[in-house]
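Okay, thanks for making time, everyone.

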Amino acid sequence: MSPDKTSQLSRPSTRERVLDAAERLLASGHSGFSMRDLASEAALSFATPFNQFGSKGAIMLALSARRIDAMEERLNRAPSVGTAAIRVLAAVDIAASVMLEAPSVNRIVMGSIGSPGDAPGDALSRSRALWSLALGEGAGLADATRDLALATLPDHLALAFRGALSFWTAGEYDDQALGRRARSAAAACLLGFVSGDERPELLACLEM
């Protein structure tokens, strides 16, 4: 492959340049940045962020999607061993670690997407997909309720993690508490579907 083609492949797309610029502005404390500020930071024309996303709210939704993409990528790289419950708790740890890599930025992103916007995002469906990936085929779940678990747990786990994030975003959970609280919420969701052997470990997660 020629150097020019290699350079083109490694160069971020216009969409990614806009998101990267938004990340930098948020990290520097400019949560109230305008689309003009964003275009300037990205070294793009004033109209480009609008053409790519339509609104600042859509940009914040895209930043949220980046986080879920990072969670899914890391979960895919993690060893796929153990039961569904073990893998879900590992996914919780991964998800919390992603959010804690830039807590001030991520609190702003979460606060933004939690407010009414021009159009709903797809955070719930993307989050469901993450927890479905973690559950896999349901190894270790009780046979009698495995199908029900696989059908309903992704939604419950998405709600549980989002709940922990909402209290963290509001400052009611500090950074050290986020992972612990999120594990506890996930464990509570799992308890009704696991075999007896896994219940002690999940119950231990509830002891905060």
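Let's begin with the protein chain as a whole: it has 208 residues, and 38% of them count as buried. Please keep in mind that this is a predicted model. What is the secondary structure of the protein chain made of? It comes to 11 helices and zero strands. For the overall extent, the C-alpha trace spans about 60 × 45 × 30 Å along its principal axes. And if you take the contacts with a separation of 6 or more, 68% of them come from residues 24 or more positions apart.

Okay, on to α2, which covers residues 14-27. Its 14 residues should span 20 Å at 1.5 Å a residue, and the end C-alpha atoms are 20 Å apart, which agrees. Which residues of α2 are buried? Those are V18, L19, A21, A22, E23, L25 and L26. They pack against α3, α4, α5 and α7.

Let's stay with one of those partners, α5, residues 56-77. For α2 and α5, the angle is about 90° and the axes are 10 Å apart. An angle of 65 to 115 degrees counts as roughly perpendicular, and therefore that's what we call α2 and α5. On the α2 side, the residues that meet α5 are R15, E16, V18, L19, D20, A22, E23 and L26. On the α5 side, they are I59, M60, A62, L63, R66 and R67. By class, this contact of α2 with α5 divides into eight nonpolar, no polar and six charged residues.

Just after α2 you run into G29, which takes a positive phi of about 90°. Hold on to G29, as it leads us to I108. Where is I108? It lies in helix α7, residues 103-113. I108 and G29 are 79 residues apart along the chain, with their C-alpha atoms separated by 9.9 Å. Leaving out residues up to four places away in sequence, I108 touches L26, S31 and M60.

A43 sits in the loop between α3 (35-41) and α4 (48-53). Its relative accessible area is 60%, so A43 is exposed.

Then there's G121, in the loop between α7 and α8. G121 counts as partly exposed, at 46% relative accessibility. In sequence G121 and G57 are 64 residues apart, while C-alpha to C-alpha they are 9.4 Å apart in space.

Now let's move to another helix pair, α8 (residues 123-135) and α9 (residues 146-169). Their axes come within 8 Å and cross at roughly 120°. That makes α8 oblique to α9. The crossing is right-handed. From α8, the contact is made by A123, L124, S127, R128, W131, S132 and L135. From α9, you have L150, L153, P154, D155, L157, A158, F161 and R162. By class, that contact of α8 with α9 has 10 nonpolar, two polar and three charged residues.

Last stop, helix α10, residues 175-190. It has 16 residues and reaches 24 Å from first C-alpha to last, close to the 22 Å expected at 1.5 Å a residue. Its buried residues are A177, L178, G179, A182, S184, A186, A187, C189 and L190. What covers the buried residues of α10? The cover includes α6 (84-100), α8, α9 and α11 (199-205).

One more residue in α10, and that's A188. At 46% relative accessibility, A188 counts as partly exposed. Compare A188 with F53: they are 135 residues apart in sequence, and 38 Å apart in space, C-alpha to C-alpha.

How values were computed: Residues are numbered from 1 along each chain as its sequence is written. This is a predicted model: local features need pLDDT of at least 70, side-chain atom pairs count only at pLDDT 80 or more; totals for chains, interfaces and linings use all residues. Side-chain values use heavy atoms; hydrogens and water are left out. Helices (H or I, at least four residues) and strands (E, at least two) are DSSP runs, numbered from the N terminus. Contact means heavy atoms within 4.5 Å. Axes are lines fitted to C-alpha atoms, for helices over the stretch in contact, and angles run from 0 to 180 degrees between N-to-C directions. Angles under 35 degrees count as roughly parallel, over 145 as roughly antiparallel, 65 to 115 as roughly perpendicular and the rest as oblique. A crossing is left-handed if the near helix is turned anticlockwise from the far one by less than a right angle, and right-handed if clockwise. Ala, Val, Leu, Ile, Met, Phe, Trp, Tyr, Cys and Pro count as nonpolar, Asp, Glu, Lys and Arg as charged, and the others, Gly among them, as polar. The expected span of a helix is 1.5 Å times one less than its number of residues. Buried means under 20% relative accessible area, exposed over 50%, partly exposed in between (1.4 Å probe, protein chains only).
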